[in-house]
Amino acid sequence: MNIAVVGLGIIGGSFCKAFKKYTNHHIIGMNRTLSTAQKALDTGAIDEIGAPETLGKADLIILTMYPQADVEFIEKNGNYIKKGALVTDASGIKKAICPQLKELAEKYGFVFAGSHPMAGKEKNGFDVSDADLYKNASYIITPCGADQKYIDILSELAKSIGFTTIKITTPEEHDRMIAFTSQLPHVLACSYVMSPCCPNHKGFSAGSYRDVSRVANINSKLWSELFLENKEPLTKELDILIGNITRIKDAIKNEDKETLTDLLEQGHQIKKALGE
C-alpha cells in the first residue's frame, strides 16, 4: 500500500520506522515542520515527503496529531483524499472526534475507522521515535461503521509491525477504559510530584517513587486536550480515586488499624487476582 502518515512525532515517526523495518509499504510522511519531514526522509523512515496533493495516491492515511488537529486537517484537505481510501487516527480519545471524522468521510468519500496504539514514551518528537515501539503492544480499533474488510486491514497491518493484542470496541467504551488505564495515572503522577517534598527526593527514593512519578514527564498541551475531551469518564474515575484515598486517609487519621488493614488488603487482593 501507499501509506501517508500525517504528523511525525513519536507516534507517527514510530509508525513510519516500523513500516520501513517490517513491511514493504511505500511511506509518505507529512509534518507541519518541513525540517522534521526532511530528517525522516534522510534517515530512511519515509520514502517521500508528502503534501496535500500527495494524499490522492494514499491507500491508507494515519493521522497522528492532536485530536482536534486531526479533524481540522481533514476539513482542510479532505478533497485531496481519493475515494475509498481508508483513514484512521491515533488519538487517545475517540468519542469527541470520531463522529466528526465519520461525517467528513461521508462528505469526501473515504472510509474512516478510529484506532489507538497503546504505546509511548515520556519524551516526544521524531528523534525519540522507534521502529520497535509497538512490539507486544495493544492496538485498539473503533470501527465507527466501517466494513469488516477495513478492520481486517488495520488489524493485519498492526500485527505486521509488532502489535500482539487487537481490541475492537466503541468510542464510548474506549474513552471509559482509557480514563482509567491512561489518563488517571497521568493525573495521579502530576499531583504526586507537586508535593514540596519532591525536589528533595534523591537519596530517599527508589522504585516506588520512580513508578508513581514516571508519567508526570508530560506533554501538558496534549494531555490537557485529552483530559477535557474526555471530561465525564475521567472525572468519574477521579471521584472514585479521591473517595478511596479519603477512606485510607481517614483510617490513618483515626488510628483505625482494622479498617486501614482491610482497605490495603482489598487493593492487594485485587492486584493479586489479576496475576500481575
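This is a predicted model: local features need pLDDT of at least 70, side-chain atom pairs count only at pLDDT 80 or more; totals for chains, interfaces and linings use all residues.
Trainee: Why is strand E2 called largely enclosed?

Mentor: Strand E2 covers residues 26-30, and four of the five residues there are buried, so the rest of the structure largely encloses the strand.

Trainee: What makes E1 and E2 a pair?

Mentor: At least two bridges are required for a pair. Strand E1, residues 2-6, is joined to E2 by five bridges, and the two run parallel. Within that pairing, Ala-4 stands opposite Ile-28 in E2.

Trainee: How does the chain get from E1 to E2, and which hand does the crossover have?

Mentor: The path goes through helix H1, residues 10-22, and the β-α-β crossover is right-handed. The label applies because the path from the first strand over the helix to the second runs clockwise when the strands point away from the viewer.

Trainee: What makes E2 and E3 a pair?

Mentor: Strand E3 is residues 48-49, and two bridges link E2 and E3 in the parallel sense. The requirement is at least two bridges, so the pairing counts. Gly-29 has Ile-49 in E3 as its bridge partner. Together with helix H2, residues 34-42, E2 and E3 make a right-handed β-α-β unit.

Trainee: How do you know that the span of helix H6 is close to the expected one?

Mentor: H6, residues 171-193, has 23 residues and reaches 31 Å from its first C-alpha to its last, close to the expected 33 Å. The helix also bends by about 45 degrees at Ala-179.

Trainee: Which residues of H6 are buried, and what covers them?

Mentor: The buried residues of H6 include Pro-171, His-174, Asp-175, Ile-178 and Ala-179. Further along, Gln-183, Leu-184, His-186 and Val-187 are among the buried ones. Their cover includes helix H4 (98-108), strands E7 (114-118) and E8 (138-142), and helices H7 (207-213), H8 (220-229) and H9 (231-253).

Trainee: Why is the pair of Phe-15 and Tyr-134 called tilted?

Mentor: Six aromatic pairs are counted. For Phe-15 and Tyr-134, the centres are 4.7 Å apart and the planes are at 35 degrees. Centres within 6.5 Å make a pair, and planes under 30 degrees apart would be stacked, over 60 edge-to-face.

Trainee: What does the pair tie together?

Mentor: Phe-15 lies in helix H1 and Tyr-134 in the loop between E7 and E8, so the pair ties together parts that are 119 residues apart in sequence. Phe-15 has a relative accessible area of 4% and Tyr-134 has 0%; the limit for buried is under 20%, so both residues are buried. Phe-15, Phe-19, Tyr-134, Tyr-139 and Phe-163 form one aromatic cluster.

Trainee: Why does Asn-77 count as buried?

Mentor: Asn-77 has 6% relative accessibility, and buried means under 20%, so the label holds. Asn-77 is found in helix H3, residues 67-77. Neighbours within four places in sequence aside, Asn-77 is in contact with Pro-52 and Leu-55.

Trainee: What makes Asn-136 exposed?

Mentor: The relative accessible area of Asn-136 is 62%, and exposed means over 50%, so Asn-136 qualifies. Asn-136 sits in the loop between E7 and E8, and has a positive phi of about 65 degrees although it is not a glycine.

Trainee: Where is Glu-255, and is Glu-255 buried or exposed?

Mentor: Glu-255 is in the loop between H9 and helix H10 (257-273). With a relative accessible area of 73% against the cut-off of over 50%, Glu-255 is exposed. The phi of Glu-255 is near 55 degrees, a positive value in a residue other than glycine.

Terms used
Residues are numbered from 1 along each chain as its sequence is written. Side-chain values use heavy atoms; hydrogens and water are left out. Buried means under 20% relative accessible area, exposed over 50%, partly exposed in between (1.4 Å probe, protein chains only). The expected span of a helix is 1.5 Å times one less than its number of residues. The bend at a residue is the angle between axes fitted to the seven residues ending there and the seven starting there. Contact means heavy atoms within 4.5 Å.
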